[in-house]
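Please study the sequence and the structure before turning to the solutions.

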Amino acid sequence: MTAEEDALLRTLEARVTQVTLEYKALKDRYAALSRIMEEKNATIAALHSQVDRLQTDYANLKTAKMIDISSEDMKNASA
């Protein structure tokens, strides 16, 4: 093997090593981002549930207020 071929082979080995290390780093980063995304999705689902519950509570409160107002009107009308 000539000196030029030997140098090219060492350069190739170094670059393959760099690519392998970069792949491992990206794989770890992807796993971390996937975990973060799962946590965010769980948080979003919980917040959607909370919004639904609050909307129901608000609708019930409006209904109760309308009934209260109607009851007061009936009392005033009969007085």
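**Exercise 1.** In what kind of contact do the side chains of Asp6 and Arg10 meet?

*Solution.* The model is a predicted one, in which local features need pLDDT of at least 70 and side-chain atom pairs count only at pLDDT 80 or more, while totals for chains, interfaces and linings use all residues. Residues are numbered from 1 along each chain as its sequence is written, and side-chain values use heavy atoms, with hydrogens and water left out.

Step 1. A salt bridge requires a side-chain nitrogen of Lys or Arg within 4 Å of a carboxyl oxygen of Asp or Glu.

Step 2. Between Asp6 and Arg10 the distance from N to O is 2.8 Å, and the contact is a salt bridge.

Step 3. Both residues belong to helix α1, where they are four residues apart, about one turn of the helix. Helices are DSSP runs of H or I with at least four residues, strands are runs of E with at least two, and both are numbered from the N terminus.

**Exercise 2.** Determine how many salt bridges there are by this rule, and describe the one between Arg53 and Asp57.

*Solution.* Step 1. The count is two salt bridges.

Step 1. The side chains of Arg53 and Asp57 meet at 3.5 Å, N to O. These residues are separated by about one helical turn, because they are four residues apart in helix α1.

Step 2. Residues are buried under 20% relative accessible area, exposed over 50% and partly exposed in between (1.4 Å probe, protein chains only). Arg53 has 45%, so it is partly exposed; Asp57 has 37% and therefore also counts as partly exposed.

**Exercise 3.** Is Met1 buried or exposed, and to which surface patch does this residue belong?

*Solution.* Step 1. Met1 lies in the segment before α1, which covers 3-78. Its relative accessibility is 74%, so Met1 counts as exposed.

Step 1. Together with Leu9, Leu12 and Val16, Met1 forms a nonpolar patch on the surface, with about 420 Å² of accessible area. Such areas come from the Shrake-Rupley method with a 1.4 Å probe, and for residues only the protein chains shown count as cover.

**Exercise 4.** Describe the overall form of the chain.

*Solution.* Step 1. The secondary structure comes to one helix and zero strands.

Step 1. The C-alpha trace spans about 115 × 15 × 5 Å along its principal axes.

Step 2. Of the 79 residues, 1% count as buried.

Key
Patches are made of residues with over 30% relative accessible area and no salt bridge: like charges are joined within 9 Å, nonpolar side chains (Val, Leu, Ile, Met, Phe, Trp, Tyr) within 5 Å.
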